[in-house]
Amino acid sequence: MSESVAVQPAGALVRARDLAKYFDVSPPWLARVLERAPRAVLKAVDGVSFDIPPGRTFSLVGESGCGKSTVARLVVRLYEPTRGRVEFDGIDLATLGSRAAMAPVRRRIQMIFQDPYASLNPRWRVADIVAEPIRTHRLIEGDAAIARRVGELLAQVRLSPVDGEKFPHEFSGGQRQRISIARALASNPDFLVCDEPTSALDVSVQAQILNLMRDLQRAMGLTYLFISHDLAVVYHISDYVGVMYLGRLLEWADARSLFHRPQHPYTRMLLDAIPDLEMTGQARQAVAGEVPSPIHPPSGCHFHPRCPLANERCRAEAPRPRPREGGEVACHALEEGRLPERGGDALR
Amino acid sequence: MDPAPEGNRPLLVVRDLRIEFPTRRGTLVAVDGVSFHIDEGEVLGVVGESGAGKSLTGAAIIGLLEPPGRIAVGSVTLAGRRIDDLPYEEMRRIRGSQIGMVFQDPLTSLNPLYTVGRQLTETLRTHLDLSEQAARARAVELLGEVGIPSPQVRVDQYPHEFSGGMRQRVVIALALCVNPRLIIADEPTTALDVSIQAQIITLLKRLCREHGAAVMLITHDMGVIAETADRVAVMYAGRIAEVGRVDQIIKRARHPYTDGLMGSIPKVGTDAERLTQIEGSMPRLTEIPAGCAFHPRCPKVFERCTQERPELASVDGAQVACWLYAGAPAQAIDRV
């Protein structure tokens, strides 16, 4: 989206403006020469703007390939943005050139990954894994003091301090994700970027982790950027929700307004596709079509080939974000008043 | 051989199934005393968390347990014929002609080196008496039936030319091509996006109804179960905790595990500060507790749970393995 984002009232801790990341996915040089294959650019993220107020959770949802994980990586600066900027607590991250200049901000931003089996070093004891950020940022001096702090952190994520002596393989998936959280908390961060933190977990374990994340947020005033494809999880955990599709943010709003009064046809479609536990035996609304290739996205509004309301303008011109209740939405149909009212509440 | 439960004719009867894995450190029991049936044309959902034994149960029914896993005790009967002790070749014929399979990852269940059409015609001609042309015509027809656009073109393409959702449609076409009486679908929508998930579930349901096939739907996704299954079996630590009609399980779960599981699912539109949480995690196979396997995590545990193992017993039409509902444990498992 463009610069025209309505800034949320409270000062934002994290602010993304017109964030974009393009990847060069061209065929190898020889193929380009011999077969005249053109260069190809994958616009994984193409102009995304949002604000996250302190102590709140902003979630990005969307189907695979929509660019939500790329946004997460841009925000923690694992990727350099192609365009746009990320501000953290008023600091433009792009101005922090060197590692040394970045370090104080790094300490305040931590990340939790999806796969707790791949994100913990199997050869390190848990205590060393959790102590690593403390040692890297020289937060505490002295082995005894570090060990005490590691014990506290493990207790905070409802593990026992003696678990520090074990290796990651001795833990279940849910316990490993607790270790990841303890490691993320070790540097006293303000902001956690959580990329599908519960997608690899069973539902009962997912509930434990979501409850833990919420308790920690309440206790420590943490700010979360939460990436997920699971709408129910997002509804449960979020204060604000953004819906992404092929690299663009189509709609964002506070969670209640977005879920109860979705505006964008894609958001409506996603909500209709959620299986409903209460209505047993009732087929959900099947959605037509599939997500097109992000290398050759449709012209105009990316969603137009699947949109029941698409017209000529949607095919030609990308819609700009307009204010909606509690947020913004980018849709020509809404702007032109062609969007049908949804009967009552979107949620049963 | 097996007394038929009254009422509907059971197509598949699994009785007292026990699957063991002999290891150097002793025998692991992955599935223990599992009994259930599926009626003709019925969709039985099998839910549980990872390691509950649901996929192993499915694999055992189709005779595809990976060694050293083996059926130690119990029987599997398909349409009145016992199939768990058949020689490999004979079982292979039954798998092709009477049981269709849909697995989680559509890319690994299709051969990447053959066109989709070749895989379909090969299956068709192995099990049905069809000429090459007739088989190809049927393949095109099947691809159309599972909602693949321009099937005449797509039939000559390779699996990598299809998207994930389209591949799963091909797998469903393969599973249904010889009109099997039973489909075993193991996490058929888990690898798919939510909008594609809805398409695949709708398709699977419609086709099974049209072909009159019964379905064993194995999944961890309660939402998929809720809209698809007629009855549900909830598995925990290799055992069935509860079996009942889908509305009974979802709205009035009897077993404390089912109850906790349902409460731990976040729901869109339900504002809850915290989710219900089952403490702890599923025991490892080496450490399955005595008595009821769920007792260390159960909020309603009492003396008897730690000592005696509960069997499935009827409670208001559902079957529950829990001492909370035990009147008389002895005559419990008379009918599954």
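Leaving aside its neighbours within four places in sequence, which residues is Pro310(B) in contact with? Hold that thought for a moment while we get our bearings. What you're looking at is a predicted model, where local features need pLDDT of at least 70, side-chain atom pairs count only at pLDDT 80 or more, and totals for chains, interfaces and linings use all residues. Residues are numbered from 1 along each chain as its sequence is written, while chains are lettered from A and ligands numbered from 1 in the order in which they are written.

Back to the proline. Pro310(B) is in contact with Cys292(B), Ala321(B), Cys322(B), Trp323(B) and Ala326(B), once its neighbours within four places are set aside; contact here means that the C-beta atoms, placed from the backbone, lie within 7 Å. You'll find Pro310(B) in the loop between helix 10 and strand 11 (313–315) of chain B. Helices (H or I, at least four residues) and strands (E, at least two) are DSSP runs, numbered from the N terminus. Take Cys322(B): this residue is twelve residues along the chain from Pro310(B), with 5.5 Å between the two C-alpha atoms. Pro310(B) counts as buried because 24 other C-beta atoms lie within 10 Å. The cut-offs are 20 or more such atoms within 10 Å for buried, 12 or fewer for exposed, and anything in between for partly exposed, with C-beta atoms placed from the backbone.

Strand 11 takes us to a sheet in chain B. This is an open sheet of eight strands in the order 6-7-8-3-9-10-12-11, with mixed pairing; two strands pair if DSSP finds at least two bridges between them. Strand 6 (99–102) and strand 11 of chain B are at the edges with a single partner strand each, so one side of each has no neighbour in the sheet. From one strand to the next, the twist averages 20 degrees. Further in, strand 9 (residues 231–236) and strand 10 (residues 239–245) of chain B pair in the antiparallel sense over six bridges, and Tyr236(B) has Arg239(B) in strand 10 as its bridge partner. Over at strand 6, helix 6 (residues 164–176) of chain B lies across strand 6 and strand 7 (182–186), running at about 170 degrees to strand 6. For angles like that, axes are lines fitted to C-alpha atoms, for helices over the stretch in contact, and the values run from 0 to 180 degrees between N-to-C directions.

Now for where the chains meet. On chain B, 35 residues are in contact with 37 residues of chain A. Helix 7 (194–211), helix 8 (222–228), helix 9 (246–251) and helix 10 (256–263) of chain B each give two or more residues to this side, and helix 7 gives the most, with six residues.

Over to chain A, which has twelve helices and twelve strands. Of its 348 residues, 47% count as buried. Chain A's C-alpha atoms fill a box of roughly 70 × 55 × 40 Å, taken along the principal axes. Here's a local stretch to trace: strand 1 (residues 14–24) and strand 4 (residues 83–88) of chain A pair in the antiparallel sense over five bridges, with Val14(A) partnered by Phe88(A). Phe88(A) also stands opposite Ile91(A) in strand 5. Strand 4 and strand 5 (residues 91–92) of chain A run antiparallel, joined by two bridges. The two strands form a hairpin with two residues between them, and Asp89(A) in the turn has a positive phi of about 50 degrees.

How values were computed. Contact = placed C-beta atoms within 7 Å.
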